[in-house]
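Subject: Structure handover

Hello,

Please find the structure below. My notes on it come after.

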Amino acid sequence: MAFKRNRSLWLWAIFLSLLALRIYSNALANLSPYNTYTTLIINGFVYGAIVIPLVVGIYLLIMHGTRWHLLLAAFLAALLVVCQFKILKANYIVLAFALSFYSPEEITLMYRRSLGLTFVLAYVSGLFVHNTRSFIDGVYSFGFYNENQTGFVITLLAILMTVKITEKSVTLNLNRKNEAFLLLVFLIVSFYFKDRTAELMIIAYVLLIWGRRLFKSRLFQFFVGAFPLLLAWAAYYCGMNYGIKPFLFIVNKLSTSRLLMWNYYFMHQPLTLQGNRINVIKGWGLFYTPGQGMFDGSYAYMLFVYGLIFSIVLFIGLALANFKLAWSGNYMLAIIMMVIEISGFTENQMVSVMISFAAIFALIAYMPKWIHRADKDVLNEQ
């Protein structure tokens, strides 16, 4: 990889890690909202997340843009107009536009570096203010706001450490060091954090690696493509039918009352094209809001908060990315995408572009010439 190109990946990794620090750092989350300097810093992060990628993206479009980049830019611009320039949706759209000039392999490497930097920055910032524990339950979370966020970051980082990333391929590269690191992370998230989602991610990753030869089957590749759509449908079905279907009470218990929360919001505020606000009713009684504002589960959350238009575009994009990766022989990236999508059933980190590339892949996947065919048999890599 050329030095200048590699340097740009490091710059993006630093940028993403700073944005992630703004959202997930326990130290920043507990700074006084009335502090003028704090407000300026936070606003700088919010608008910088849009302005910087937009400026860089326009520069790259002028210098290196192809007709496919122009078509993607037009599509994303139209989506931005339809979404009424909502700032949260603009973050996804603008960042995807800027990163569309990089290959899936480069973006994966970028996020692997960013996750490592995010962990270090969150931990160090927590040490500086003597606040490395979760603000919610006091569990030692290494400087993150809560241990579920820590669990996702170190789990995805551990998974990405088991692959070798080059300019044209992402291949399995297991050795004693990264296997030991993956096992250590599994023990931490299972027995200390008690993070069932992170635990499931690692188990799913191991199972998919063991069965990775299935990805050569064209029929299975179609299943891989449909996978995020099935999960999105399952989340909607569970949210709408909780309290009606008896087996969903078991699912609700296993998912720590996720289904109860989804059902409450879906029933009290119907899904709309542009999305709803999360209204919290405090106190007890018939209209008490379960979770008091907590709304975990990417698929249900996107449908409710971001609305049908943006959610459908994103879910179809996830399906396109999965299918294209599997069809083109990029099996390891397809596996990692499926693992991230599994986490999205109960957690929101899947669609956080600061720590997960799934939503970025979903939007860039609409560009026909983005994912190339793998140049080697990645199934035989160890």
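Predicted model: local features only at pLDDT ≥ 70, side-chain atom pairs only at ≥ 80, totals over all residues.

Helix α10

Helix α10 covers residues 218-241, which is 24 residues. From first C-alpha to last, α10 reaches 33 Å, close to the 34 Å expected at 1.5 Å a residue. After α10 comes Gly243, with a positive phi near 95°.

Helix α5 with α13

Helix α5 (residues 87-99) packs against helix α13 (residues 298-327) at an angle of about 60°, and their axes are 11 Å apart. That angle is why α5 counts as oblique to α13. The crossing of α5 past α13 is right-handed. On the α5 side, the contact is made by Leu88, Lys89, Tyr92 and Ile93; on the α13 side, by Met302, Tyr306 and Phe310. By class, this contact of α5 with α13 has six nonpolar residues, one charged residue and no polar ones.

Helix α4 with α5

Helix α4 (residues 67-82) also packs with α5, here at about 170° and with the axes 10 Å apart. Angles over 145 degrees count as roughly antiparallel, so α4 is roughly antiparallel to α5. Ala73, Leu76, Leu79 and Leu80 of α4 meet Ala90, Ile93, Ala96 and Phe97 of α5. The contact of α4 with α5 has eight nonpolar residues, with no polar and no charged ones. Ile93 of α5 is listed both in the contact with α13 and in the contact with α4.

Regards

How values were computed
Residues numbered from 1 in each chain as written. Heavy atoms only, no water. Helix = DSSP H or I, 4+ residues; strand = E, 2+ residues; numbered from the N terminus. Expected span 1.5 Å × (residues − 1). Axes fitted to C-alpha atoms, helices over the stretch in contact; angles between N-to-C directions. Parallel < 35°, antiparallel > 145°, perpendicular 65-115°, else oblique. Left-handed = near helix turned anticlockwise from the far one by under 90°. Contact = heavy atoms within 4.5 Å. Nonpolar A, V, L, I, M, F, W, Y, C, P; charged D, E, K, R; others polar.
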